[in-house]
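Subject: Structure for you to look at

Hello,

Here is the structure I said I would pass on. Please open it first; my notes follow below it.

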Amino acid sequence: MKKNSLALTYLKLLLMALFWGGTFVAGRSLAGKVGPLSAAFLRFAMASVFLTVIAWRRGERLSFPKGRQLVAILLLGLTGISFYNFFFFSGLHHIEAGRAAVIIANNPIILALLSALVFKEKLTPQKSMGILLSVSGAVVVITKGHPLSLFNEGVGPGEMLIAGAVFSWVAYSMIGKVVMANLSPLLSVTYSVIAGTVMLAIPAGMEGVFSSMFSYGPWQWFSLFYLAFFGTALGFVFYYEGIKTIGPTRAALFINFVPVSAVLSGFVILGEALTLSLLAGLALVSSGVYLTNVQNLFRRHDKRSENNSS
């Protein structure tokens, strides 16, 4: 793999984290005005259009999937789109967003362990330390420097629901790696988003989306556009490209930048405080991602140098 290509992959994953962090700001503008299932359905309905256009412009062959491929795509839509949003929004009815984000920050840990079991990815001590640092940084940011506060309350229904969101995303990531053996990352994302949109149509309709959508204001539609184009179309494509290039374990590490990005977005857009815990968490997350990837970066660079000198 060329060094420039690898650097571009990391840049796209960082942009993905930035876009997904911005979805928290967009989501706040929809709270109380657009129902959670309605917001999810409209987000992915719009994203389906964007992704289809992107796939067409890139020359992707759009054809109706069949057989096992169709089953896998339906599973992607079920896990990463429908189930994830159901567990996520339902969990937030019981616990605060910060606590939910801490639980979701465990995605890389579970994904790394399952990838080691299923895909036989080597989990070295250095990579394990990188995962620990990244997740620790996310915890510091979300808890505002008081990680022990997580243990003051027992595990309730909200925590269990958010845990369901974690496993939904892990399943989505791992199924995606299998699907991409026969499909490009772009088609994998496009088909899964379309499948998830169809699955969300009925519950969103029961929530009243098809009647209430005509009362949304310009800011609500702009927020939905951001969620659809940046948070879904570009974000998901960049994430899947990262999975295919550097593997699900290392690609998922960049998700730890999402809470950092969310707090930075809140500082810039909403005027929220830029605290010491945020800066400390950012340093831990950055160190963790660097520690996890630096050995492979140098190894690829040295191998390329040897090939050039021979």
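Phe-44 has contacts, meaning heavy atoms within 4.5 Å, with Ile-81, Asn-85, Val-193, Thr-197, Leu-200 and Thr-232, once its neighbours within four places in sequence are left aside. This is a predicted model, in which local features need pLDDT of at least 70, side-chain atom pairs count only at pLDDT 80 or more, and totals for chains, interfaces and linings use all residues. Residues are numbered from 1 along each chain as its sequence is written, and side-chain values use heavy atoms, with hydrogens and water left out.

Phe-44 lies in helix α2; helices (H or I, at least four residues) and strands (E, at least two) are DSSP runs, numbered from the N terminus. With a relative accessibility of 1%, Phe-44 counts as buried. The classes are buried for under 20% relative accessible area, exposed for over 50%, and partly exposed in between, with a 1.4 Å probe and protein chains only. From Phe-44 to Ile-81 the C-alpha distance is 8.3 Å, for 37 residues of separation in sequence.

The chain as a whole

The chain has 13 helices and 0 strands. Of its 310 residues, 49% count as buried. Among contacts with a separation of 6 or more, 89% join residues 24 or more positions apart.

The average pLDDT, the predictor's confidence in each residue from 0 to 100, is 79 for the chain, and 84% of the residues score at least 70. Confidence is highest in helix α9 (residues 209-212), with a mean of 92, and lowest in helix α13 (residues 276-309), with a mean of 62. The pLDDT is below 50 over residues 296-310, a stretch that has 8 contacts in the model beyond near neighbours in sequence.

Helix α2 and its partners

Helix α2 (residues 36-57) packs with helix α8 (residues 185-207) at an angle of about 150°, and their axes are 8 Å apart. Axes here are lines fitted to C-alpha atoms, for helices over the stretch in contact, and angles run from 0 to 180 degrees between N-to-C directions. The two helices, α2 and α8, are therefore roughly antiparallel. For reference, angles under 35 degrees count as roughly parallel, over 145 as roughly antiparallel, 65 to 115 as roughly perpendicular and the rest as oblique. The α2 and α8 crossing is left-handed; that term applies if the near helix is turned anticlockwise from the far one by less than a right angle, and right-handed applies if clockwise. The contact of α2 with α8 has 19 nonpolar, 5 polar and 1 charged residues. In this count Ala, Val, Leu, Ile, Met, Phe, Trp, Tyr, Cys and Pro are nonpolar, Asp, Glu, Lys and Arg are charged, and the others, Gly among them, are polar.

The axes of α2 and α10 also come within 8 Å, crossing at roughly 55°, which makes α2 oblique to α10. This crossing of α2 and α10 is right-handed. Residues in the contact include Phe-44, Phe-50 and Ile-54 of α2, and Trp-221, Thr-232 and Phe-236 of α10. By class, the contact of α2 with α10 has 17 nonpolar, 2 polar and 1 charged residues.

Glu-241 is in helix α10 (residues 218-246). Is Glu-241 buried or exposed? Glu-241 is buried, at 18% relative accessible area. Apart from neighbours within four places in sequence, Glu-241 touches Lys-12, Arg-58 and Pro-185.

Helix α5 (residues 107-118) packs with α7 at about 45°, with the axes 10 Å apart, and that makes α5 oblique to α7. The crossing of α5 and α7 is right-handed. Among the residues that make the contact are Ile-110 and Leu-114 of α5 and Phe-167 and Trp-169 of α7. The contact of α5 with α7 divides into 9 nonpolar, 3 polar and no charged residues.

Gly-158 belongs to helix α7 (residues 157-179) and is buried, with a relative accessible area of 1%. The C-alpha atoms of Gly-158 and Ser-90 are 7.6 Å apart, although 68 residues separate them along the chain.

Ser-128 sits in helix α6 (residues 125-142) and is partly exposed, at 31% relative accessible area. Its C-alpha atom is 8.8 Å from that of Ala-112, 16 residues away along the chain.

Regards
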